[in-house]
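Student: I would like to go through this structure by asking what each term rests on.
Tutor: Then ask for the criterion each time, and we will set the value against it.

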Amino acid sequence: MNEDTRSLHEQPVQGSPPPVVAGDPAPLGLAGFALTMLLLSIVNTSLLKEPAAILPVLALAAFYGGAAQFAAGLFEFRRGNTFGATVFVSYGAFWLSYWWLTPRLALAGGAHSALGLFLLGWCVFTAFMAIAALRVNVAVLAVLVLLTLTYLFLAIGAFQGGPEPHAMTQVGGWFGIATGLVAWYAAAATVINATHGRPMMPVGTRGPAPSRPRATSVPPEV
């Protein structure tokens, strides 16, 4: 009787579930940033002069550079990557704020100094994130250095005011094109290297500084 009762409560031994491997959200964040930055920068250089050219930029800023990159940053938080989370959430928020701000500035006008301060603040943020990127890889470091210069020239152009396009804004546009291309390379390298399981496209990986062993005193032999 006891044996029959025990058999009713016994559960079949289940095999251990397969380990869950988290994907890398960095290529998504980099790609969303790259394409949005490229299209905006082409407009800033005046290479594209169509009156409605800003509309595709705003669409990308809302959904790809904004929402998709923001989501990539949240997944970086889950992976415990403080740098990746800070970068992608911040620039995702930048593109969302750009999407919200641009049409309203066109209607209101007269906000050149405020826009210059807005861009200068992002320049400062990008500069200290570039210092943090010294321990990430060369590709991401190059993106942030170029982006710092992009924000700087765009901020100077915004402070100038007057009729557009400003020369400094156009210079910032060319730096923005370089930034977008390098970010696209970093995105492609990350996803292609992960897919093929070997480094096919170098990114110049940099690890943390090696820890030096502390000097210890050796007691003299007796």
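Student: What is the order of elements in the protein, from the N terminus on?
Tutor: The elements run α-α-α-α-α-α-α. The protein has seven helices and zero strands, where helices (H or I, at least four residues) and strands (E, at least two) are DSSP runs numbered from the N terminus.

Student: What kind of model is this, and how are residues numbered?
Tutor: This is a predicted model, in which local features need pLDDT of at least 70 and side-chain atom pairs count only at pLDDT 80 or more, while totals for chains, interfaces and linings use all residues. Residues are numbered from 1 along each chain as its sequence is written, and side-chain values use heavy atoms, with hydrogens and water left out.

Student: What does the pLDDT say about the protein?
Tutor: pLDDT is the predictor's confidence in each residue, from 0 to 100. The protein averages 86, and 82% of the residues score at least 70.

Student: Which stretch has a pLDDT under 50 and zero contacts beyond four places in sequence?
Tutor: That is residues 5–13, with contact meaning heavy atoms within 4.5 Å. Residues 209–222 also have a pLDDT below 50, and that stretch has one contact in the model beyond near neighbours in sequence. Where pLDDT is low, the predicted coordinates should not be read in detail.

Student: How many salt bridges are there, and what makes a pair count as one?
Tutor: A salt bridge needs a side-chain nitrogen of Lys or Arg within 4 Å of a carboxyl oxygen of Asp or Glu. By this rule the count is two. Asp 24 and Arg 79 qualify with an N to O distance of 3.4 Å. Asp 24 lies in the loop between helix H1 (2–9) and helix H2 (26–44), and Arg 79 in helix H3 (residues 54–79), so the pair ties together parts that are 55 residues apart in sequence.

Student: What is the N to O distance between Glu 76 and Arg 79?
Tutor: The distance is 3.1 Å, and their side chains meet in a salt bridge. Glu 76 and Arg 79 are three residues apart in helix H3, which puts about one helical turn between them. Through shared partners, the salt bridges join Asp 24, Glu 76 and Arg 79 into one network.

Student: Why is Glu 76 called buried?
Tutor: Buried means under 20% relative accessible area, exposed over 50%, and partly exposed in between (1.4 Å probe, protein chains only). Glu 76 has 2%, so Glu 76 is buried. Asp 24, at 39%, is partly exposed, and Arg 79, at 41%, is also partly exposed. Of the 222 residues of the protein, 37% count as buried.

Student: Why does Asn 44 count as buried?
Tutor: Its relative accessibility is 18%, and Asn 44 is found in helix H2. Leaving aside neighbours within four places in sequence, Asn 44 is in contact with Leu 154, Thr 169, Gln 170 and Gly 173.

Student: Is Tyr 64 buried or partly exposed?
Tutor: Tyr 64 is partly exposed, with a relative accessible area of 26%. Tyr 64 lies in helix H3, and its contacts beyond four places in sequence include Leu 28, Ala 31 and Gly 32.

Student: What makes a set of residues a nonpolar core?
Tutor: The members are buried Ala, Val, Leu, Ile, Met, Phe, Trp, Tyr and Cys residues joined through side-chain atoms within 4.5 Å. The largest such core has 41 residues, and Phe 33, Phe 83, Tyr 91, Trp 95, Tyr 98, Leu 144 and Tyr 151 touch the most other members. H2, H3, helix H4 (82–108), helix H5 (112–132), H6 and helix H7 (167–196) each supply at least two residues of this core. The largest share, ten residues, comes from H6. Not counting residues up to four places away in sequence, Trp 95 touches residues including Phe 33, Met 37 and Leu 40.

Student: How does the reach of H6 compare with the expected span?
Tutor: The expected span is 1.5 Å times one less than the number of residues. Helix H6 (residues 138–160) has 23 residues and reaches 33 Å from its first C-alpha to its last, close to the expected 33 Å. Just after H6, Gly 161 takes a positive phi of about 65°.

Student: Which residue has a positive phi although it is not a glycine?
Tutor: Ser 46 does, at about 70°, and its place is in the loop between H2 and H3.
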